[in-house]
Every structure is written in structure tokens, then in C-alpha cells.
Amino acid sequence: MELHPSAVQLLDENGVFTDHANYPLALGHKEIRDLYKTMALVRSLDTEAVRLQRQGKMNLWCPVASQEAAQVGSAAALRVHDRAFPQGREFGVGVTLGLAPHDLLRVWKGEVLGGGWDPRESVLALYTFPIGSQAPHATGYAMGMVRDKVDGAALCYVGDGAFGSGDVHESLNWSAVFNLPVVFFCQNNQYAISVPFSRQSATPIFQRGSGFGVRSVQIDGNDLLACHAVVKAELERAQAGEGPALIEALTYRVGPHTTSDDASRYREAAEEDLWRGRDPIDRVRTYLLSSEIADQAWLDEVEADIREQTTAFRGECLSVTPPEPGELFDHTYAEMPSNLAAEVRSIAEFDLEATDWNRP
Ligand SMILES: Cc1ncc(C[n+]2csc(CCOP(=O)(O)OP(=O)(O)O)c2C)c(N)n1
Ligand SMILES: [Mg+2]
């Protein structure tokens, strides 16, 4: 899938910058350097997380490689009174918002109780795994912001697959009818697990917005500067009373859906290679060097610093201990049914070490 002719792009595939009349660049040189560093850090930590899973140190991981521009650029546009509602792939959003990377992976080590961070202390709500269900959360929260007169807006992260859910359509409609300060940011990475976008929708996602009366735009989701400029402008407009917006950030997932998936079963390597060539980090690096916003010595320093942070991340990941299996049942019922109570007891009594797995 290729960009629509109307798509907003500030930094093209070759790292050439052209400002945009409606969505001008809203970052200074230092901020662009900082965001480059965050993108490179997210790439390195994500790569390490995949490694940890392959080494049996983590149950599952949901790779974000090649979606760093969409995640870092959008998250960097959030202001202190805004609130972001993620799905489950928003590791890069959490890192950009300053959450501890190892807290963001707790849920993937089975530490299911509480999600890993306190959403009341952060702009970021907890990950949401039932597809699309964060859209009514964001919409309701935006309604509350209006009533409480909070100067902010909600940013709702959705995938392309979430546009097959009723929750997203109901939220688009409701937010338009009530003119709510919510921005829907869709990372169209062109797959919902194995289902390609061509099998999900006959129209580009951003074109769905107008049917609800939601202003909509497609952007180059591999362009850090466009992701930041458009999310910033749309959050401000939503907050100013202009109503909701839908941003379709066209990108690609170069890795598997999760570490349990084998993407070679449903797509060609040539397609992955094409999108690897459109790498969002390479493009910013080229721009930094060609416009003399940074030099090679600075890039080398960044690389060394990221290497250190990645080593620390690995150590922190190894020290996250999953809860006892029986804790899975806590906080589920006010009064636990007797059959579940019996299950909890049998788990507690189960002696893993003494089990003879070869017994017929
Ligand atoms: C309601 C619901 N149905 C099905 C699933 C299983 N499921 C997990 S991820 C996924 C695809 C999501 O695709 P997309 O929204 O494009 O997000 P991406 O994973 O590409 O970031 C599905 C169907 C789910 N989590 N929730
Ligand atoms: Mg997708």
C-alpha cells in the first residue's frame, strides 16, 4: 500500500525536508536530536526484548520495529494535561513519555496485575488488549475532560485492525456528535496479524472519518516530523473546541505480529525488504547529517549511550519476577467461587520439581 496523494509528509524517504503549509514543523534542532535518540533507543530495546523472548527470558513480545516515527513523534506531541490510550504495541510511546522501559515489559513477563505502571502518575493509560476497546475509554475520558474543564485532549492509539471493531466506529460517531477533544491516531502497519489491509478495507482508513463528520488526514507514518507536527496541531484543535480528528499514519510492521507469529507464512520477503528500505530512523539520521543539525561524533556518542542503556534494560528485565500463578485469581471476584478457590489451592500445592513429565 502506498501513500495517498493528499498525505502529509515533511521528511521524505531520502531525508529531504519540505515544510508543510497546514502542519508546519514544530521542533527545534535540539528537540529533533532528542527524538532521534529516543527512536534509536526504542529500536535497540525492542531488538533486545525480542532476543530475551527467544532466550526464554520473557513470555511474549510485541515488536515495534519500523513504527518508531509514528510512536515517538506522536507521543512527543502530548502535553501534560493530555491523556494517551494505547493498544498493546505502544512500547515506543511509553519510552518517549519517560516511563521506565522495564516497567513497560512487565506485562509481557506475565506480571498481569496492574499492568506495570501507575496510570494515574502518567499521561499513558494502561495497555489495552481487546482490540478497539480503548476507543470508548478515550472518548469517555474526553467527555469528562470537557465537563471538568481540563485543558487537554485524549489521544487514542488504534491499529488498522481496530477499524473492523464496532467500538472504534461508535467512538468516532459519539465524539463527533458531542464535539469531543479526542484525536484517533491509527498506525496503519498494513496487517492485523496475518490479514493484510487489502482484505480489511476497500478504502483508506482516513476516508472513513468524513462519514462521521470527523476531520481526517493521512500522514507518512515513517516520517517523524510529520507525525509530531500533525498530532500536535490536531490535539490543539481538538482542545480548542474544533472537535475530534482521525489521523491515519501509514507505516509497516517489518517484524512478526508477536514473537509467536511467523510472518513468512502470509507475506513475501520482498515486501518486508521494500519497507525496511523506508526505515524511519535512517531517514532522520540522513536529515541530521545533511542539514548539519548533528555530526558523526554526536551519532557515535548516542550509539554508545544506547548500548549502555540496553545492557541495563536486559539486567532489569531479568530481575522482573513473574507473580505466583495463583495470584492470577486475585482481584477477579469479590467472593471467589468454590471451584476457582479449589484451582488456586491445587496450583499452590503443585510441586513442579517433583513432577515426572515422562510418566505415561
Ligand atoms: C476483540 C479482539 N478480537 C481479536 C483479538 C486478537 N487480536 C490480537 S491483535 C489482533 C490484530 C490487531 O491488528 P491491528 O489493530 O492492526 O494492530 P497491530 O497488531 O497491527 O498493531 C487481533 C485480531 C483481540 N485481541 N481482541
Ligand atoms: Mg495493524
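**Notebook: metal site, ligand and salt bridges**

I began with two residues, Asp160 and Asn189, and found that both are buried. A reminder to myself before going on: this is a predicted model.

**Entry 1, the magnesium ion**

Which protein atoms are the donors of the magnesium ion (ligand 2)? I found Asp160 (OD), Asn189 (OD1) and Tyr191 (O), lying 2.1 to 2.2 Å from the ion. Along the chain, these donors follow the spacing D-x28-N-x1-Y. I then checked where the pair Asp160 and Asn189 sits, and the two link distant parts of the chain, 29 residues apart. Asp160 is in the loop between β2 (154-159) and α6, while Asn189 is in the loop between β3 (182-188) and β4 (191-192).

Next I turned to ligand 1, which has 14 residues around it. Which of them come nearest? They are Arg89, Phe129, Gly161, Asn189 and Tyr191.

For Gly161, a backbone N or O atom lies 2.8 Å from an oxygen atom of the ligand. For Ala162, a polar backbone atom is 3.2 Å from an oxygen atom of ligand 1. For His257, the contact uses the side chain, with an N or O atom 3.4 Å from a ligand oxygen atom. How much of ligand 1 does the protein bury? Taken alone the ligand exposes 590 Å², and the protein buries 65% of that.

The structure holds 20 salt bridges, and I picked a few to follow. The side chains of Glu234 and Arg215 meet in one of them, at 2.7 Å from N to O. This pair links distant parts of the chain: Glu234 belongs to helix α8 (residues 224-242) and Arg215 to strand β6 (residues 215-220), 19 residues apart. Both Glu234 and Arg215 are buried.

Glu234 has another partner, Arg237, with 3.6 Å from N to O in that salt bridge. Here both residues lie in helix α8, three residues apart, about one turn of the helix. Arg237 is at 31% relative accessibility, so it goes down as partly exposed.

**Entry 4, a pair in helix α11**

I also looked up Glu303, which forms a salt bridge with Arg307, the closest N and O atoms being 3.3 Å apart. How are the two placed along the helix? They are separated by about one helical turn because they are four residues apart in helix α11 (residues 296-319). Glu303 is partly exposed, with a relative accessible area of 47%.

My last stop was the surface. Trp174, Val177 and Phe178 form a nonpolar patch there, with about 310 Å² of accessible area together. Val177 lies in helix α6 (residues 166-177). Is Val177 buried or exposed? Its relative accessible area is 57%, so I noted Val177 as exposed.

Terms used: Residues are numbered from 1 along each chain as its sequence is written. Chains are lettered from A and ligands numbered from 1 in the order in which they are written. This is a predicted model: local features need pLDDT of at least 70, side-chain atom pairs count only at pLDDT 80 or more; totals for chains, interfaces and linings use all residues. Side-chain values use heavy atoms; hydrogens and water are left out. Patches are made of residues with over 30% relative accessible area and no salt bridge: like charges are joined within 9 Å, nonpolar side chains (Val, Leu, Ile, Met, Phe, Trp, Tyr) within 5 Å. Accessible areas come from the Shrake-Rupley method with a 1.4 Å probe; for residues, only the protein chains shown count as cover. Buried means under 20% relative accessible area, exposed over 50%, partly exposed in between (1.4 Å probe, protein chains only). A residue is near a molecule or strand if one of its heavy atoms lies within 4 Å of it. A polar contact is a pair of N or O atoms within 3.5 Å; within protein, one must be able to donate a hydrogen and the other to accept it, and residues adjacent in sequence count only if both atoms are side-chain atoms. Donors are N, O and S atoms within 2.8 Å of the metal (3.2 Å for Na, K and Ca); water is not among the atoms, so sites may look incomplete.
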